[in-house]
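Grab a pencil and work through these exercises one at a time. Try each task yourself before you read its solution.

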Amino acid sequence: MTISIGIISLAYCAGCELALISMKRFNELLARGAIDIKYSTLITDKEELEKVDVLFITGSIRTFEDVETIKKAYSKASKIIAFGTCSCYGGIPGLANLSKREDIIKSIFNDITPTISGLPELTRFVIPLQTVVKVDYSVPGCPPPEPLIEMLLDSLISGKEFTLPQKSVCEECPLNDGDKKPLKELRRRLIALNDIDVDKCFMKQGVLCMGPATLAGCRALCPSRGAPCIGCMGPLPSSRDQAADIIDALGGIFYTVEPLEKILEAIPDPVGLLSMFTLPYSTIPYHKEVGVKEVKRDGDGD
Amino acid sequence: MNILDSSTKTAVFICHCGTNIGGVIDISKIIENIKNIPSIAVAQDHRFLCSTDGIETMINSIKTSNADRVVVAACSFRTHEPLFQEALHRAGLNPYLLELVNIRELCSWVHENERDRATEKALKMIRAAIMKIQDNQPLKRIRLPVTPAALVIGGGIAGIRAALDIAEAGFTVYLVEKEPSIGGNMAKLDKTFPTLDCSICILGPLMNIVAHHPNIKLYTYSEVISINGRVGDFSVKILKKPRYVREDLCRGCLICIAKCPSKTVDEFNMGLSHRKAIYVPFPQAVPRIPVIDTASCLYFQKGICRACEKLCPANAIDFNQKEEVVEIKVGAIVVATGFEEYNISQVYEYSYGRYPNIVTGLQLERLASSYGPTEGRLIAPGLNREPRRIAIINCVGSRDERHLPYCCRVGCMASLKHSWYIKHLMPEAEVFIFADEVRASGKGFEEFYRRVRLIPGVYIVKSKASEVRGNPDGTLTIKAFDPAISSEIAITVDLVVLEAGIVASRGTESIKNLLKLGALNSGGFLIELHPKLNPVETAVDGVYICGAVSGPKDIPDTVAQASAAASKVISLLSRGYIETQPYSAIVDESRCSGCGVCSSVCEYSAIKIVKKKERSVAVVDEALCKGCGACVGSCPSRAIEIANLKLNQIDAMVAEILR
Amino acid sequence: MGLEPRVLAFTCTYCAYAAAEAAGVSKLQYPPHIYVIRLPCSGMFKSYYVFKALREGFDSILWSGCHPPYDCHFINGNYKARVKAELLKAYLKQLGFEDQRFRLEWISAGEPDKFARIAKEIVEEAIKTPKIIFLEHHEAVNK
Amino acid sequence: MEMEIKPVTRIEGHLDIYVKIGDEDIDVQIKAGGFRGFEKILIGRPIEETPLIVSRICGVCPIAHYLASIKAIETILGIKPPEASNTLREILELGGVIQSHLLHLGFLLFPDIVNNDKETSNIYNTSLFKTLIKIRSKAIRIVEISGGRHIHPFNIVPGGVLRFPSRDELDAIEIEAKEALKYLSELYSKLSENIKRFIENNSNSIVYEKTAVAALSSSTNGIAFYDGIIRVLDNNDSELFFHPDDYIKFIAEEPIRYSYSKKPYIVINGVKKPFRVGPLPRLLLSSDIPYDISKDLYRDFKSVNRECSLNPLLYNLARLIETIYCFEKIVDLVDKIRRISSISRTKVGLREGEGVGIVEAPRGLLIHHLKCNRNGIITYANLIIPTAINIPVMEYDIKKIVRCFIDKHYAKEDIEYNEVKKRILSLVRSYDPCVSCATHNIHVIKH
């Protein structure tokens, strides 16, 4: 049996697609003919998407062209997969939700007001695919980690349901010994580089590690290879806010911070650090000016 | 949970509380509204729900409507929750299926002039509670056995009193004292204010009873080094330091002391005299078994002498004794580690430590004591004669933002007592007390104050001394501003007594850390559970504090607290079991990642990360859990919740208020 | 509909909630727009509650607990809340939300007047601040 | 006549080409789709997070972005990483170049260079494909050891590296590289033949415009990927060198009529000129290669293509030679790294400043220019991307192709659409444009 797949991409970096085609398993399936890539502008010559069994959508929604792409593609697949963190949660491009689209354009075009039409207009803010269309599976990760893709391929081949892990990176992390009592005060990652031991739990050393608030599935790739987790797998299934979850953990662990300003020295960019990959998916997904309507009150009324 | 298709049946009772609630809130309107909620089995109001009639009505309605959970909108849970819980129990429901909404203190009383809005708010509050209670679970208190024994840490008057009280009730008591003898600070006092009892005369008998009490196991010259477990079941490790004198053989003849050739500074006499390398701290010491101080013993330092060993008639000297660790199990712990004088050499302007004729209050006690360095004759240490003019300075280090912000509570009375000592021993002497005020608020204190004030030659300067300076002839000059004459005065004296501030004893901190107790920054005193209502309990169940370890106290207060702590211990031990409060944290193992944030956050060590089927998960010891929710607030996986205050219950309330 | 604006107050059982009840006993009047939820301790602070309450329509959120350093019934729950609140405030500020939308206050059981004063202040502030309505994701494609 | 290629397939990202053949002139416009706005996103981020963020500009060449920003940051902070960590970074960079080149050879270009009629209808079941994938997996392994992960690595930090590879891991790098070289030597003649045939079949006799070329250059005028100065060869064969920090004097960006994007130009003697970057300029600018296998291939290549007439299709061959060179250099570097002490990091501290980081990305010169305030927060970011540099040249080249066909057929109506399209596609693919990179912010659009 051959499964036909298509890969379409919105605002993306191609890393997810590359992660997929760099998989040994995927190449074996290709060679065996178990998978047939029907559409991918990266590796096939097809200019139009035809009907496929499985459609991988990578990247987040940033322009109206992206919206059109989804509209065209959505009905052509029997299974839709939001592939990669951008598609699932907005990803790093989602940090653009801190600025109004007008300001983004202005900053990039050096204050030259665009006069020529044809530019695909930006959406008001970055939208993760799975918040606006129903997807069958979402496979987060920046890029999706190999074990997770492996599971996805298994499920596609066998027809069994694909389920995401339920727990956090700490569960898979070899550095987690079930103890988060800090040995050092919370410091900025850069400063901590001066004395960090990359083979010990980063949280305990006073270094922000997003592991406790980040979905497992990567086998704790970064911490197990010496780097604190930056949260690319997005929140746990029970949550939309990695930031909320990690703030809670930090407060519990580093409650002795004195003076209090030190906490902001350690985390100088709360949104950028704590919602690096998931701002558009979180409960408050944008800067107030980007997506909040303000209604003036007449006073206090019933 | 959607109450529209709920299978639960909720009974709602709203109390008018006379006109307290009913006078502001339109209760009938609320009843009309909530009756439309499908899950409501019955919605009733009552003029006084807490009356006998109200309770009976409630029980009947619950039974007849087959309701399986109850919302009561009335007053404070603090005063009325037990009453309504009991009503549920009598109606055959688990008492934790009750939600009490306070529409009195939080609504009708604070919005008296806005009836419509108050009614709307009350309605929302009640509806939110109805939503919340849908997810309430029946809870059960757990009973756990209690080891019928207690540990008392500290052998001063507080520890002695507490140990005796508990032992008298028939329970085993382990009394641990770090010094070679029990007795503590009280043993150093000559007399006690305001009655002027001889201190050792009233303490000595108690010490002896402790030593021979069948229920008391005494560990002197010992320290507590580890404490684990929870209320009812603590395991404690005690380190026994070697005395080099066998307790089982020594008969207390003290020949060894007489023959010992080596001398060193006497700590018990506050450095005012010398003792031998083998010693008992004071004549009335309990136990009356000497200790060899290895730092000054010739054998330990130079390998020679062994005079004591040769001369001991009981062959009790054993230079090979080693440290010993004893492990005991107890159900409750009393911490009575007491106080010590503040290090007043830091109060630089009073020159303590720079001139021999400046002593602290406790040093004066030793000088005045019949078993002190001068055998009761008041000799100024630097003069070798009796002083003629003496100054006493109060509040040294106390009530001073630079040192200790609080009042030592005993200095004023001690200064009066010390004046009395001086005048009693040397009727011709002149005494100047420098005190900006004299606080005499205890029983018999004011009377004592009057008595001392009437002694000729005792002068009270109502001012804080600003400086003490030494003169070449060995005398000392005190400067102060005298408000009576609006001028600076200078008085030259032979001896200065500094009434030093009081801090928790040096050993307190390690005990605090072992037990995870709270302590104040200044003074290091341990924090009680509630300053008014739970003065001898601590935040850790089964651990009690008494005496000066929780703050400066005089002897009567200390003894009263000791008995209070003992009675708490006795009621715990004699009941034989503990009941845990049921609002403990619950771990959802399907969500828990074993990251360990909760176990690190828990101040009560109630959470441990354990391996279950190859996966690490948090496990809560319900007996230790206080239900504070710190773990809930910190869990990044939202895997730990407090029973009947789950995240979705709070969500449901939030959503209902906004509806 | 309903009382506008709306303020949500999370209180700890031993201090802030006790103060709220004591305010009632003393009949200290404050506007009815404030709803009180009782938690065992301010250390149960979950940032999620604040995000959720803001998103769902509360105009301001008050988080209150016992005074540091020693008042907390559970040793140091207030310290834990304090650090979380500091981070959360910075987070919300970065997202452009006004400071008054989230407040952390220490109110001891002996300060019913403080509870009433803060309740009044926070409602008055909320009345002055515009009501906010969040755009849903699908609305981002409306030109 | 108008012609539209939408989308250009077998390249990285969304690219559309519009050709309008007028009576007088030919208008070519390349439209790059996608939009993310990284230069805005970077503002306000802590500098130490910048490498992790910029790496997400591109999944094909994350390493180049990652290292360019690391270098910029280290300039800002005034720190010099230990020698061992610099060497490890170079290994990482080379590994990244290899995996990108082999992605192009093994997937993007592959259908053009495989003789599938001989073997099977499934090109992914050919032994050539399988071998290329095997070699690529070795490069990926090297990147994983040195960078932590092959897409979006994380092991490099300002001041050094987080975790230094163990002895065993260094051995593994060497083994992988040596094995890859073995496979590549076996494969080379067949593969280069196929590529040459493809170049011949698609070049016809089009003479492409000679443009300036630029690349990083080592102190011995050799190929430099991680560290060097910029060497420019003008179309009149005059040479120009400048230091990366001075890029702003020599590389200008300006807006163009039909696009919102800024397109980079090189400024030589006050004249703005489009220029080429990438594997071909790198080889052409290099004086020699010191390694056994690639030296011969390089000399061979140079002797045939001495002139800088620059048939862009030669990029494909240059890529293959470079791949071999990179593996050889990795072996060399592993040997070097073993001989120096493996200190992971130097001390870092915050300070205000400005820094430029330049590396050779697989597709050519990549420039990251960052400024930060005294709290170490980014206040300014300017990124110049190789694909963006090449796009204006690609437009010239496409014009040439169309012009050539017009010249051949005299009447533009006679031009065979599919034939032109095929030529254009082979040309564009030869540049291996990385549109994700190019569109980290820019938008090239039609009128």
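## Exercise 1: Who touches whom?

Chain B and chain D share no contact, and their closest C-alpha atoms lie 22 Å apart. Before going on, note that this is a predicted model, where local features need pLDDT of at least 70, side-chain atom pairs count only at pLDDT 80 or more, and totals for chains, interfaces and linings use all residues. Residues are numbered from 1 along each chain as its sequence is written, while chains are lettered from A and ligands numbered from 1 in the order in which they are written.

**Task.** Find out which pair of chains has the most contacts among the four pairs that touch.

**Solution.** 
- Step 1: Two residues are in contact if their C-beta atoms, placed from the backbone, lie within 7 Å.
- Step 2: Cross out the pairs without contact. Besides B and D, no contact joins chain C and chain D, whose closest C-alpha atoms are 10 Å apart.
- Step 3: Chains A and D have the most contacts of the four touching pairs.

## Exercise 2: Two interfaces

**Task.** Work out which helix gives the most residues to the side of chain D that touches chain A.

**Solution.** 
- Step 1: Count residues. Here 63 residues of chain D are in contact with 57 residues of chain A.
- Step 2: List the suppliers. Helices (H or I, at least four residues) and strands (E, at least two) are DSSP runs, numbered from the N terminus. At least two residues each come from helix H1 (38-42), helix H2 (50-55), helix H4 (83-108) and helix H6 (127-147) of chain D.
- Step 3: H6(D) gives the most, with four residues.
- Step 4: Sort by class. Ala, Val, Leu, Ile, Met, Phe, Trp, Tyr, Cys and Pro count as nonpolar, Asp, Glu, Lys and Arg as charged, and the others, Gly among them, as polar. The chain D side then has 27 nonpolar, 21 polar and 15 charged residues.

**Task.** Now do it for the side of chain B that touches chain C: which helix gives the most?

**Solution.** 
- Step 1: The contact takes 40 residues from chain B and 37 residues from chain C.
- Step 2: Two or more residues come from each of helix H4 (104-108), helix H5 (115-133), helix H17 (630-634) and helix H18 (647-658) of chain B.
- Step 3: H18(B) gives the most, with seven residues.
- Step 4: By class, the chain B side splits into 19 nonpolar, 10 polar and 11 charged.

## Exercise 3: Helices in chain C

**Task.** Decide how H1(C) is oriented relative to H4(C).

**Solution.** 
- Step 1: Get the layout. Chain C has four helices and five strands, in the pattern β-α-β-α-β-α-β-α-β along the sequence.
- Step 2: Know your angle. Axes are lines fitted to C-alpha atoms, for helices over the stretch in contact, and angles run from 0 to 180 degrees between N-to-C directions.
- Step 3: Read the values. The axes of helix H1 (residues 16-25) and helix H4 (residues 112-128) of chain C come within 7 Å and cross at roughly 90°.
- Step 4: Classify. Angles under 35 degrees count as roughly parallel, over 145 as roughly antiparallel, 65 to 115 as roughly perpendicular and the rest as oblique. H1(C) is therefore roughly perpendicular to H4(C).
- Step 5: See who meets. C:Ala16, C:Ala19, C:Ala20, C:Ala22 and C:Ala23 in H1(C) meet residues of H4(C) including C:Pro112 and C:Phe115.

## Exercise 4: A sheet in chain B

**Task.** Name the edge strands of the five-stranded open sheet in chain B.

**Solution.** 
- Step 1: Two strands pair if DSSP finds at least two bridges between them.
- Step 2: Write down the order, S20-S27-S21-S22-S23 in chain B, with parallel pairing.
- Step 3: Strand S20 (358-360) and strand S23 (458-461) of chain B pair on one side only, and they are the edges.
- Step 4: Look at one pair. Three bridges join S20(B) to the parallel strand S27 (residues 495-500) of chain B, where B:Val359 has B:Val497 as its bridge partner.
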